Amino acid sequence: MTEPRNPGMSSAPQVNPAHAESSSPAVEMDPVEYTLRKRLPRKLPKRRNDVYVNMKTDFRAQLARCQKLLEGGGHREICIHGLGLAINRAINIALQLQTSSQGALQLAANTSTVELVDDLEPEDPDEAGEPMTRTRNNSAIHIKVFYPEP
Amino acid sequence: MSAAKAKMREKKMRNQPASVQYPSGVNGEGGSQNRGHGSGGHPSSKERKKPEDTGWVRGHQRYGGGYSKEMPKYITGGAFARARAAEVKAMLRAVSQTACSSHVFQALPKHMRRRAMSHNTKRLPRRLRDVADRMREKSLQAGSKKKKEPAKSKSRKARRRHGNLLLDFNRRQRKNIWLETHIWHAKRFHMVKKWGYCLGDRPTYKCYRSCYRAMSSHCLLQDLSYYCCIELKGEEDELLAALSQMTSKEAGPTFAAALCLSGRRQVSVTIYRIGQYPCQPLGPVTVLWRPKTPGIRGRQLWIWAHPTLKQDLLPELQSVCRCWEAVPPSIDPEVLCGKEKSAPHPKPENILEAKLKPGAKRKRSSVDASEPPVKKILGDGTRLPGTTVTWKSSSTGIVINDLTMEIVRYRLIGPQSHSVLTEALEAATVCKEVDKSLGSTFWWPQHCSDESNMLLHQQQADVFHTLKGISSTTELPPGTVLGLTVDDPRLTLPTKKMKVLPCVSQAQEADEDKRKELILRGVPEQCCQSSLWEESVRDDVTENKIPEQALNRMKSEMLVPGSRLSPTPPQGRVPVLLVHQPGKQVGQEMSSWGAGWDLLLPKGWGMAFWIPLVYRGVRVAGLHMGLKHSHSKAAPIFPHDFPDCPAGIRFQEEQEAEFLDKFKRHPPAKRTNYIKHGCLAPFRCPWQQLAEEWEHLTRGGGDEPAEMSVAKPLSLFIVLRNRKSLRLLSGWCRPTTSTGRRLNRELLPLSQSAVTSFLSAHGMSLVWVRLSLLSKGRPELHSMVCVPTAEDLKLLGKHQDLQEPPHRDHFKSRIKPQKKSLKSDDPEPRSTPDSDLIFGLWPDPLPSVTSHCSRVTLGWTTQGDFSLCAGHGEALGFVSVPGLLNTLLKQAGEHRGTLLLRNPGSLHYRFAKVNVEV
């Protein structure tokens, strides 16, 4: 039920246009000669009460899924994960859950850094001897939404 | 009077006296019949003179000629009695004698007839039984005489005996080759005969969604062994010089792509006829170079192509490499025993068997030694032993080798395919010293004796071990190649089918580093080497495979049942190649969906790897799911989506014939009337006509400097594959947002001048697009892609129906008289020329395809379905480049790239968003 329809996109808010800033300055490249292809972020094992927030699915649907887990699903706590652009949305969802529960729910937020990998494909494929990849970092948030122990 | 009628009449009249006459159509004929067949009775001379006086006349005669007006004055007693006697005799004979076609029970009145009387004579009354029996015997004899004596088939037991079964299998795959997994598939799949192979289309059980789930979250397995492999050997410079004539850098990577050349990656290349780019493409192939080997000077590469492409590709390769000298296949004993295992060779497994079962009856081995030995065909069995498969060139030194069916290729699709592989396969165990001293003839002990080989094997095994810790196949660099030698996977077969789950444990630091290295850098170059490249090793492995039976016997003799066989038998090592398949690489959405691994094996080992893979919980799919896989990846499939390639043209013709045949099988009243739906060509796509019409339209509308383009004769259409142009087009298709932000800064803005210059280069082009529907609807094959009018765009998002007004079928009236004329036999001059009219289809030549409907047509789709991964209908197809650009120019910023889609059997238009993906 909690399986995302498309696991490829579940944790990948890849619409972040600001990748150029976060890239390490060590790899200097001509933008014409390379095309950048982002690989998916590393997937981690997923429990039933993990919710990965993305920017593609409707906000209300994601909120409803969390509510369903807490109320109908019988979970005492859920984890909401957001990466990059989706951090904002993850926070929004968590806060909405809290307000709608009239203070019964509590939040505990953690942040982390996720290493992402980009492939650089040369326009002229005969040139690059070594496969060009680079790593960049992106921020992520993990919010635990839970009912406090009585 | 027809011949059948005359025959009937003759039969009726046979036993009649001459005086009886039946009315007939022609008056004179009745008389002649009377005379001709009056042999039953003996009419008197008087009657013969005036038969109308005394003859019996049945029925009413037209001229009243039957009944004579005046009664005869007197009758001669003798003659009269004689005539009557003859009649009675004839009557009696007619009653007693059955005509040949009537059954005995027809003599019975209806209430005495019983069911199945002709089958069981005991149901007849006893007085009729003898006659019925005689009749039955006669008919049986006649039947058996008519039919050919059927060949007396052997008993089922004899037929199922192993040798006879193999003979039968070999006979049955003479026309269409079987893959090694054929029997497994034939039990579970709907098989189709395609491209000279018997292939599984789709399973007989329902599994559409579960296959999709397997693809997107676990692993889906497909047998791709029908792909043809062509091997090229030679100096690197010579090879590159030759092959570079067939590719172009503009259309993507070539044979010379550095990463590919080192052997670390597999790339996909579009091949053109020599020096013809951008016209006359042949099709896509995947290219795999063998990494540089220290001992060998030349290079080796494999070109994997679709079987329909091979017949075009092979002559082209021969001419480009100037490889005309056919090398006769060596008829040395090695090849012979590869084809048909000859008995005199002391085969290791034979020795093994003999050792294990000394008292066992091996009838065939002793008795049938003189007979031609039966061997299951491995590899391409249809090829005659003398067929040339190797060509070499004296000038360039290149050798082309056709390796069709020599290498088994399995494709695993899905994020967990690496876990399945790491679970099913195990890096080969190193041979002990003891084996070496025996001086065995197998390749692995010899291979083990070299220190450097062992070092390499250790590295490869390490990489393979690291693969286990990766959480998803998509994390790896696309196209990675890993060579490996593995143990016989049958040894570690689990007792029960299980489902492999990823094991992402919190590994040690060292493992973490290795994993990072693998993800970032890919497999190191030396690890891409595999013994699978060497023919001698392949042959050795294929020949010395332990048969299933012997292996099972060895397993059964283990002390602890179910434990792993140890030590591993010396012939149980197989060289394999693992090739990573990148998932969806184009476009912004769903990136890396459908990534997986390809597993290359030497021939003969197909089933030995297939069952262990299946036991690891993969789903198995056929051709149908393969289509859906590439549909979701938005990738064109060969030969479906290559209308400019020769194989694609052939495919379209076949497809049209097939659809037309299916269409004609329906009665006209139950057919879709495509004329009324305004669909000109529901079964094919007239691409050439479309390209030409758009070329005319843009030239007329744009008022360009026309003198140059007029002088140029209209050429064949081409599919746009130039990366740069595609990228430009892709940017233009996207709607501009209100902020005016563009993803690519250096992109030209869409303007009239930019379009003009673009079109001067690509006037007759089509472009591959993905159309995602904005609302509901499920696009089908050959749906029309149309341009919305300005009014249509206002309705966008308002849930209002857009409909094509129904067309009138003008041909219907021309079909009808044609039918009537057939009946009434008077040829109408008006209806004769339309003899090839089919109800519901436009006859050739088609009118203008672009402006036939109320919305201008841009192109057609070649794949279309509800996409489970996108959640709405998606179609893939081609549109005309000039048409698309003109449409985009006219559309305002936020609506840019919105087109209409209409199914061939429907009048509804649906809005769709067009994407050109690079």
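Modeller: Before we look at this predicted model, note that a residue counts as buried when its relative accessible area is under 20%.

Colleague: With that cut-off, what percentage of the residues of chain B count as buried?

Modeller: Of its 918 residues, 49% fall in the buried class, and the accessible surface of chain B comes to about 47,800 Å², with 55% of that area belonging to carbon and sulfur atoms. The chain holds 33 helices and 26 strands, and among its contacts with a separation of 6 or more, 76% join residues 24 or more positions apart.

Colleague: Turning to chain A, what is the order of the strands in the open sheet?

Modeller: The five strands of chain A are arranged as 1-4-5-3-2, and their pairing is mixed. Strand 1 (34-38) and strand 2 (50-53) each have a single partner strand, so one side of each is left without a neighbour in the sheet. From one strand to the next, the twist averages 25°.

Colleague: In which sense do strand 4 and strand 5 of chain A pair, and over how many bridges?

Modeller: Strand 4 (residues 106-122) and strand 5 (residues 132-146) of chain A are antiparallel, paired over 15 bridges; in one of these pairs, A:Leu120 has A:Met132 of strand 5 as its bridge partner.

Colleague: Which strands of chain A does helix 4 touch?

Modeller: Helix 4 (residues 86-100) of chain A packs on the sheet and touches strand 2, strand 3, strand 4 and strand 5, its direction making about 155° with that of strand 3. Helix 3 (residues 59-71) of chain A, for its part, lies across strand 2, strand 3 (77-83) and strand 5, and runs at about 175° to strand 2.

Terms used: Residues are numbered from 1 along each chain as its sequence is written. Chains are lettered from A and ligands numbered from 1 in the order in which they are written. This is a predicted model: local features need pLDDT of at least 70, side-chain atom pairs count only at pLDDT 80 or more; totals for chains, interfaces and linings use all residues. Side-chain values use heavy atoms; hydrogens and water are left out. Two strands pair if DSSP finds at least two bridges between them. Helices (H or I, at least four residues) and strands (E, at least two) are DSSP runs, numbered from the N terminus. Axes are lines fitted to C-alpha atoms, for helices over the stretch in contact, and angles run from 0 to 180 degrees between N-to-C directions. Contact means heavy atoms within 4.5 Å. Buried means under 20% relative accessible area, exposed over 50%, partly exposed in between (1.4 Å probe, protein chains only). Accessible areas come from the Shrake-Rupley method with a 1.4 Å probe; for residues, only the protein chains shown count as cover.
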